[in-house]
Amino acid sequence: MTNKTPRPAPRAWARMPRRRTAIVLAVVLVVVGIPVLDALFGAYSRTGGGEVAVVRNGGFFDNNRIRQIIDPGSGRTYVGLYSKVHKYPAQQRFYTITSNSSKGDETGVDVVTVPSSDGVNMGIEGTLYFTLNLDHAALRTFDDKYGTRKFRGGSGDTAYAWEGDEGWSAFLDQIVRPVIDNDLRSQVNSFRCAELVSSCALVQNTAQVTPVRTGQGAQPQSNNGNIAKVQNAINTSLAQDLQSTLGGNFFTNIHFNLVRVTLPSKVQDAVDRAQAAFAQVSEAQAKVASAKAEAAANKARQDGYNKCPTCARIEELKALPQGITVYAPGNPNGSLYAGK
């Protein structure tokens with residue numbers, strides 16, 4: 001009979017390699033698996049009804065060229081691994097210039113100050129309406145030119161044009177706004193101050209102001225008509241200037257609505273004082289006219305009494321207080337007696 005030697009129990013150190021292997025595999029899965037899953041889920045994108053997307057390659061071994069365009073309101077679309085999606089607004093947008101600090105696109109009070117032809121600085125407020133050109137070729141060119149660089153916004157931070165409203169506003173402030181300012185300056189400079197704001201004539205040398213006439217015997221044009229001319233001229237020139245400056249037909253349905261033309265605060269104060277002075281003059285003239293009319297009426301009345309003394313006596317009796325029963329104008333003790 002042979003004696004079997006019992007097998008020794010495994011020791012803890014013998015199990016250590018297995019644990020190390022499991023830990024290493026877990027770490028590898030976390031380090032590699034999560035980015036892979038993220039890349040797989042990020043390989044799909046879609047657009048809402050008010051946005052259009054330009055997709056650029058972004059893989060480790062890929063180029064950075066434009067891969068595809070995703071039209072507004074798309075379903076989930078495969079865009080490739082690690083691609084970058086630049087989303088731009090596809091609906092009508094607007095850019096507002098206003099003295100109301102809570103409604104303008106730039107922070108604070110925002111008014112374009114341009115000189116009139118007679119040298120008066122005038123504040124222009126308005127809104128530019130436009131739509132991004134959704135043609136695929138135009139979008140590709142636009143993203144190449146303006147989607148690959150950052151723009152500085154009003155807060156001082158930089159952002160891409162496709163990085164939400166902040167980035168889009170920064171792009172408009174730096175690229176589009178100077179074109180608007182230049183067009184306003186060019187168009188407003190062809191009119192005198194009084195042709196756009198009638199009250200400006202109150203504080204100007206009237207000897208230097210001549211009315212603008214549209215033809216022989218025509219009346220001076222109204223301020224509204226001149227403002228409409230400025231607005232129409234801006235709408236014509238702005239589309240051409242934007243296309244020329246931006247380097248492509250990137251905006252469509254361009255329309256500028258000129259809301260208000262204002263005067264500098266000092267000029268407006270002078271206008272207010274002049275209007276107040278004219279009001280006082282008008283009031284004084286009205287009092288003089290009233291006094292003249294009253295004097296003329298009294299003279300006419302007296303002439304009538306001179307021709308008809310009895311009529312004068314009748315008018316005198318009518319003027320007596322109620323309750324008088326005796327009227328004795330020749331009585332030295334009094335001419336009026338009240339009776340019961």
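These are my notebook entries on a predicted model.

**Ground rules.** I number residues from 1 along each chain as its sequence is written, and my side-chain values use heavy atoms, with hydrogens and water left out. Because the model is predicted, local features need pLDDT of at least 70 and side-chain atom pairs count only at pLDDT 80 or more, while totals for chains, interfaces and linings use all residues.

**Overview.** I found 7 helices and 13 strands in the protein chain. Helices (H or I, at least four residues) and strands (E, at least two) are DSSP runs, numbered from the N terminus. Of the 340 residues in the chain, 29% are buried. Buried means under 20% relative accessible area, exposed means over 50%, and partly exposed lies in between (1.4 Å probe, protein chains only).

**Helix 2.** Which residues of helix 2 are buried? I listed Ala 138, Leu 139, Phe 142, Asp 143 and Tyr 146, within a helix that spans residues 136-146. Seen down the helix axis, these buried residues fall within an arc of 130 degrees, so they line one face of helix 2. The arc is that of the directions from the helix axis to the C-beta atoms. An α-helix has 3.6 residues a turn, so residues three or four places apart point the same way.

**Helices 3 and 5.** I then looked at helix 3 (residues 164-188) and helix 5 (residues 223-246). Their axes come within 9 Å and cross at roughly 140 degrees. Axes are lines fitted to C-alpha atoms, for helices over the stretch in contact, and angles run from 0 to 180 degrees between N-to-C directions. The two helices are therefore oblique to each other. Under 35 degrees counts as roughly parallel, over 145 as roughly antiparallel, 65 to 115 as roughly perpendicular, and the rest as oblique. Residues that meet across the pair include Phe 171 and Ile 175 in helix 3, and Val 230 and Ala 233 in helix 5.

**Gln 231.** Gln 231 also sits in helix 5. Is Gln 231 buried or exposed? At 16% relative accessibility, Gln 231 counts as buried. Leaving aside residues up to four places away in sequence, Gln 231 touches His 255, Phe 256, Asn 257 and Leu 258. Contact means heavy atoms within 4.5 Å.

**Positive phi.** Most residues other than glycine have a negative phi. I noted that Tyr 82 has a positive phi, near 60 degrees. Tyr 82 is in the loop between strand 4 (77-78) and strand 5 (84-89), and at 34% relative accessibility it is partly exposed. Asn 253 has a positive phi of about 50 degrees. Asn 253 lies in strand 11 (residues 251-262) and is exposed, with a relative accessible area of 60%.
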